[in-house]
Amino acid sequence: MPILNDPVTDILATIPTRVECDALVDIYLSTHERMYRVLHTPTFHQQYEAFWQDQAASSMSFCMKLVLILALGSTLSQEAGECALADRQTRTWTYAAQWWLTGPTEKSTFNLDGVQVACLLQLARQMTAVGRAWISSGSLLQMAFSVGLHRDPSHFPSMTPLQAQMQRRLWATVLELHLLSAMDSPMQAYADLESCDTRPPDNIDDEQLTADADDIPASQGRKKLAYRQ
C-alpha cells in the first residue's frame with residue numbers, strides 16, 4: 001500500500017535504462033562530486049553494480065542517492081544535449097527524496113546515508129529550483145549535528161579509517177553548502193563552532209580508502225588535491 005502522500009509510489013519504475021544512467025552518473029561524478037564530496041566513489045560503484053544485478057535488493061537510501069545523482073547529471077546533460085531527461089522527472093525525484101527524508105521514515109534517515117542523501121538533495125534543489133534551498137540547508141546542518149558529524153572521529157576509536165574520512169568529508173561539505181546557501185538568502189549562517197572539533201578531511205584518493213583498512217593512508221599534502229577528485 002502506498003504511503004500517504006508519497007509522491008513516487010514505485011521509485012524503481014522511474015529509473016531510466018542502464019545506458020542513460022551510466023551517462024548521467026558519469027556526468028555527476030565528473031562535476032558535482034569533484035566540488036562537493038558526498039560519496040566514497042569505489043563504494044558507490046560497488047553498490048551501483050549490485051543495483052543492476054538486483055534492483056529490488058537495493059536499500060532505499062541507495063535508490064534515493066541514485067535518483068538524485070541522475071537528477072543532478074540530467075541538469076547538466078540538458079545543456080550538453082546528452083541523455084536529457086524531462087524537467088518533470090528530475091523534479092519528481094527531488095520531491096521523492098524530500099519525502100523520504102522528512103516523511104514517516106524520517107527517524108530512520110538520521111545516519112551517514114541520510115546525510116549523503118540530504119547533501120545531494122540540497123544540490124538538486126539548487127539546480128532544479130524546487131523549494132527554497134536555504135530552508136533545506138538549515139535542515140541539513142541540524143541533521144549533521146544530530147548525527148554527530150561536528151565531533152571529530154578521533155573521539156570514536158571503533159570508527160574505521162573509511163568511516164572517519166567520510167565523516168570529515170561530509171561535515172566539510174555540509175558547512176560549505178550551508179554557507180553558500182546563506183550567501184544567497186536573507187538568513188544568517190548558523191553554526192555553533194565552539195562545539196565543533198571535526199578536523200578537515202585528509203588529502204587521500206578514494207582508491208586508497210578501503211573498508212578493511214586498519215590505518216589511514218598518508219596524506220598527499222597540498223601539491224595534489226586528491227580527495228576532491
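## Helix α6

At the start of α6, the side chain of asparagine 111 places an oxygen within 3.2 Å of the backbone nitrogen of aspartate 113. The structure described here is a predicted model.

Helix α6 contains 17 residues. From its first C-alpha to its last it reaches 24 Å, close to the 24 Å expected at 1.5 Å a residue. Of the 17 residues of α6, 13 are buried, so this helix is largely enclosed by the rest of the structure.

## The largest pocket

Helix α6 (112–128) also takes part in the lining of the largest pocket, where α3 (41–53), α6 and α8 (161–183) each supply at least two residues. The biggest contribution to this lining comes from α3, which gives five residues.

The volume of the largest pocket is about 380 Å³. Its lining is made up of 19 residues, and those nearest the centre of the pocket are His40, Thr43, Gln116, Leu162 and Met166. By residue type, the lining has eight nonpolar, seven polar and four charged members.

## Aromatic pairs

How many aromatic pairs does the count come to? The count comes to six. Phenylalanine 51 has a relative accessible area of 0%, so it is buried. Phenylalanine 62 has a value of 3%, so it is buried as well.

Phenylalanine 145 and tryptophan 171 form an edge-to-face pair, because their ring planes meet at 85°, with the ring centres 5.4 Å apart; the cut-off for edge-to-face is over 60 degrees. Here too the pair links distant parts of the chain: phenylalanine 145 sits in helix α7 (residues 133–147) and tryptophan 171 in helix α8, 26 residues apart. Phenylalanine 145 counts as buried because its relative accessibility is 16%. Tryptophan 171, at 4% relative accessibility, also counts as buried.

## An aromatic cluster

Phenylalanine 51 and phenylalanine 62 are also members of an aromatic cluster, together with Phe44, Tyr48 and Trp52.

Definitions and conventions:
Residues are numbered from 1 along each chain as its sequence is written. This is a predicted model: local features need pLDDT of at least 70, side-chain atom pairs count only at pLDDT 80 or more; totals for chains, interfaces and linings use all residues. Side-chain values use heavy atoms; hydrogens and water are left out. On a 1 Å grid over the protein atoms alone, a cavity is a set of points where a 1.4 Å probe fits but cannot get out, and a pocket is an open set with protein on both sides within 12 Å along at least five of seven lines; lining residues have an atom within 4 Å of a point. Grid points are joined across faces, edges and corners, and a volume is the space filled by probe spheres set on the points. Helices (H or I, at least four residues) and strands (E, at least two) are DSSP runs, numbered from the N terminus. Ala, Val, Leu, Ile, Met, Phe, Trp, Tyr, Cys and Pro count as nonpolar, Asp, Glu, Lys and Arg as charged, and the others, Gly among them, as polar. Rings of Phe, Tyr and Trp (its six-membered ring) pair if their centres lie within 6.5 Å; planes under 30 degrees apart count as stacked, over 60 as edge-to-face and the rest as tilted. Buried means under 20% relative accessible area, exposed over 50%, partly exposed in between (1.4 Å probe, protein chains only). The expected span of a helix is 1.5 Å times one less than its number of residues. A polar contact is a pair of N or O atoms within 3.5 Å; within protein, one must be able to donate a hydrogen and the other to accept it, and residues adjacent in sequence count only if both atoms are side-chain atoms.
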